[in-house]
Amino acid sequence: MNSSFTTVLRIILGIGLLVFGLNKFLNFIPLFEMPAAAVNFIESLRSSGYVFYVIAVLEILIALLLIFKKWVPFALILLAPISINILLFHLFLDVSGILVAICIVGLNALLIFKYWKAYRPLFQL
């Protein structure tokens, strides 16, 4: 769990989540042209008044937990449904960003595998 490889992956994932989470509040990454369905989906999340920002706060919180190595197994499990939804969004609504989504899901899955000993009690009968 404490290998250099795992540390690098954890920090890369954390920095990526921190950048994308902060971008939801500060809009420092310009949006590229997206299909209408993707724009409608993002706008519906924003117009709800809270969903878009709850996701952003969760991404920032998970990023900080990963970067500072606090409760990493919990952070990875918390990230799992978010990363799957990022992948599904890009798979069905905006294929242009699928590479980043695959990287996020892949890093999350690989880190969950690396921390599997922490999850083992969840699967005991």
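Biologist: How far apart are the mean positions of the positive and negative charges?
Modeller: The mean positions of the 8 positive and 4 negative charges are 27 Å apart. Lys and Arg count as positive, Asp and Glu as negative; His and the chain ends are left out. Each charge is placed at NZ of Lys, CZ of Arg, CG of Asp or CD of Glu.

Biologist: What am I looking at, and how is it numbered?
Modeller: This is a predicted model, where local features need pLDDT of at least 70, side-chain atom pairs need 80 or more, and totals for chains, interfaces and linings use all residues. Residues are numbered from 1 along each chain as its sequence is written, and side-chain values use heavy atoms, without hydrogens and water.

Biologist: How many helices and strands are there?
Modeller: The chain has 6 helices and 0 strands. Both are DSSP runs, numbered from the N terminus: helices are H or I, at least four residues, and strands are E, at least two.

Biologist: New topic. Where is N27 found?
Modeller: N27 is in the loop between α1 (4–26) and α2 (36–47). Its phi is near 50°, positive though N27 is not a glycine.

Biologist: Is N27 buried or exposed?
Modeller: N27 is exposed, at 51% relative accessible area. Buried means under 20%, exposed over 50%, partly exposed in between (1.4 Å probe, protein chains only).

Biologist: And K69, what is its phi?
Modeller: About 55°, positive in a residue that is not a glycine. K69 lies in the loop between α3 (51–67) and α4 (72–92). K69 is partly exposed, at 38% relative accessibility.
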